[in-house]
Amino acid sequence: VQLQASGGGLVQAGGSLRLSCAASGKIFSINDMGWYRQRPERQRELVASITEGGTTTYPDSMKGHVTISRDKDTVNLQMNSLKPEDTAVYYCNLANGPYNFWGQGTLVTVSS
């Protein structure tokens, strides 16, 4: 399975950004997809996830700040009202049972 992410870049505080990730290869029919991020000197953390059926999960810190959506094997992350502390490498993830696949990461930099 390969995950190709796109949409990262530089944005000013208060701005918006949309990340996309397309999965390809041998994909199991039932899987969850999501976005994680790793901020400088911090552990990787969940941003949002979505099941194949469309059920979404957001950590409390992300609710109202990001929206995840999915079209088959493509997952999107809409981020609004970005802050400098949202600066991170964002990783796309596909999970199926014991298997986890990661994209290469896309850098989001929010300037103050």
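Q: Exposed means having over 50% relative accessible area. In this predicted model, why is Asp 60 called exposed?

A: Asp 60 has a relative accessibility of 65%. The cut-off for exposed is over 50%, so Asp 60 counts as exposed.

Q: What makes the contact of Asp 60 with Lys 63 a salt bridge?

A: The closest N and O atoms of Asp 60 and Lys 63 are 3.1 Å apart. A salt bridge needs a side-chain nitrogen of Lys or Arg within 4 Å of a carboxyl oxygen of Asp or Glu, so this pair qualifies. Lys 63 counts as exposed too, at 52% relative accessibility.

Q: Why is Met 62 called buried?

A: Buried means under 20% relative accessible area. Met 62 has 2%, so it is buried. Met 62 sits in the loop between β6 (56–57) and β7 (66–71). Leaving out residues up to four places away in sequence, Met 62 touches Arg 37, Leu 46 and Val 47.

Q: Is Arg 37 buried or exposed, and how do you know?

A: The relative accessible area of Arg 37 is 6%. Buried starts under 20%, so Arg 37 is buried.

Q: Why is Glu 45 called partly exposed?

A: Partly exposed is the range between buried, under 20%, and exposed, over 50%. Glu 45 has a relative accessible area of 23%, so it is partly exposed.

Q: How do you know that Glu 45 forms a salt bridge with Arg 37, and what about Arg 39?

A: From N to O, the side chains of Glu 45 and Arg 37 meet at 2.8 Å. For Glu 45 and Arg 39, the closest N and O atoms are 3.1 Å apart. The limit is 4 Å, so both pairs are salt bridges. Arg 39 counts as buried, at 15% relative accessibility.

Q: Which residues are linked in a network of salt bridges?

A: The network links Arg 37, Arg 39, Glu 45 and Asp 86. In this model, the count of salt bridges comes to four.

Q: Why does Ser 49 count as buried?

A: Ser 49 has 18% relative accessibility. Buried means under 20%, so Ser 49 counts as buried. Ser 49 lies in strand β5. Setting aside neighbours within four places in sequence, Ser 49 is in contact with residues including Met 33, Gly 34 and Ile 68.

Q: What makes β2 and β11 a pair of strands?

A: Two strands pair if there are at least two bridges between them. Strand β2 (residues 9–12) and β11 have four bridges, in the parallel sense, so they pair. One example is Gln 12, whose bridge partner in β11 is Ser 111.

Q: How do you know that β9 pairs with β11?

A: Three bridges join β9 (residues 88–96) to β11, and the two run antiparallel. At least two are needed, so these strands pair as well. Val 89 stands opposite Leu 107 in β11. Leu 107 belongs to the uncovered face of β11, whereas Val 108 is on the covered face.

Q: Which residues touch the most other members of the largest nonpolar core?

A: Of its 25 residues, these are Leu 19, Trp 35, Val 75, Leu 77, Met 79 and Tyr 90. Among the elements that give two or more residues to this core are β3 (17–24), β4 (32–38) and β8 (74–79). Val 75 touches residues that include Leu 19, Trp 35 and Ile 50, not counting those up to four places away in sequence. In soluble globular proteins, nonpolar side chains tend to be buried together.

How values were computed:
Residues are numbered from 1 along each chain as its sequence is written. This is a predicted model: local features need pLDDT of at least 70, side-chain atom pairs count only at pLDDT 80 or more; totals for chains, interfaces and linings use all residues. Side-chain values use heavy atoms; hydrogens and water are left out. Buried means under 20% relative accessible area, exposed over 50%, partly exposed in between (1.4 Å probe, protein chains only). Contact means heavy atoms within 4.5 Å. A nonpolar core is a set of buried Ala, Val, Leu, Ile, Met, Phe, Trp, Tyr and Cys residues joined through side-chain atoms within 4.5 Å.
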